[in-house]
Amino acid sequence: MKRQSQRGYPLALTVAGSDSGGGAGIQADLKTMQELGVFGTSALTAVTAQNSMGVHGVFPLAVEAVAAQMDSVLADMGADAVKTGMLFAPDIIRVVSEKLGQYGSKPVTVDPVMIAKGGAPLLQEEAVETMKVYLFPLAEVVTPNIPEACALLGLQEEDIRSEADMVEAGRALLRYGSRAVLIKGGHLPAGAAAGECVDVLVTGGEEPLMFRTPRLPTKHTHGTGCTLSSAIAAMRARGESLPDAVRGAKHFVTAAIAAAVPTGQGIGSLWHAAHREVPAGR
């Protein structure tokens, strides 16, 4: 289903959790979409109590509430692209997958949010298999970081230590049905990429694409994964190709990290307006 709002803006739907600290989740997604000229709509899956120090509580919504939000948006406004983030529980994953199939909303970017930066679980252990079986086949691209890729594949995090390992992991994840996998390299050992942050896009039957930006020396990276996946969805909603969307999203995130703000006593959040002010890397 592809429509546009009466003002002519593309529309993107984010299905994700709320971050009370404002740096990740639905809040980061909607900021990103707005900055990229896309009208963002949302379906909330859970409320989290969190700040720069970590996640202090996770309160999932009833599946009926998630389904009703998606019905309300997709039946009336449609979506030019969809992004999923924190889904938390198997029953939520199943209903989200059902609604995406019902409305045929494409392309879908799946960010398999599993663990918060502070270590708090954002996906129940029993939901991992549900995500692979129900949601991944609906995805144009799945965007795990290295710890998430390892968890999805049953590997140890130290099993992915190079760009070649990232490519191999991406190809292994393609078996679950998505058209593409983007392995994010922020957790790659510092010496493995010579001062760069490398993300690898793997698609079936094509050579992997490497996206490189400078590795920035900062701890203030809260919301990086949410921002990247929602930027990809926003750019796909604008009609850009997947490689161009990934490239643009990578530059957007790099600028936002470079201008990240220490919003509290812990890990600060990205500054989503920074792409207008800060060079985006290469």
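Analyst: For a helix, the axis is a line fitted to C-alpha atoms over the stretch in contact, and the angle between two axes is taken between their N-to-C directions, from 0 to 180 degrees. The model is predicted. In it, helix α3, residues 90-103, packs against helix α4, residues 127-135, at an angle of about 10°, and their axes are 9 Å apart. Angles under 35 degrees count as roughly parallel, so α3 is roughly parallel to α4.

On the α3 side, the residues that meet α4 are Pro90, Ile93, Arg94, Ser97 and Leu100. Their counterparts in α4 are Ala127, Thr130, Met131, Tyr134 and Leu135. Sorted by class, this contact comprises seven nonpolar, two polar and one charged residues.

Next, the core. The largest nonpolar core has 51 residues, and those touching the most other members are Leu13, Val15, Met70, Val96 and Ile183. Helix α3 makes the greatest contribution to this core, giving six residues. Setting aside residues up to four places away in sequence, Met70 touches Val15, Ala43, Ala75, Val96, Lys99 and Leu100. Leu100 is also one of the α3 residues that meet α4. Another core, of 27 residues, lies apart from the largest one and includes Ile232, Ala234, Ala256 and Ala260.

How values were computed. Residues numbered from 1 in each chain as written. Predicted model: local features only at pLDDT ≥ 70, side-chain atom pairs only at ≥ 80, totals over all residues. Heavy atoms only, no water. Helix = DSSP H or I, 4+ residues; strand = E, 2+ residues; numbered from the N terminus. Parallel < 35°, antiparallel > 145°, perpendicular 65-115°, else oblique. Contact = heavy atoms within 4.5 Å. Nonpolar A, V, L, I, M, F, W, Y, C, P; charged D, E, K, R; others polar. Core = buried A, V, L, I, M, F, W, Y, C linked by side-chain atoms within 4.5 Å. Buried < 20%, exposed > 50% of the residue type's maximum accessible area, 1.4 Å probe, protein only.
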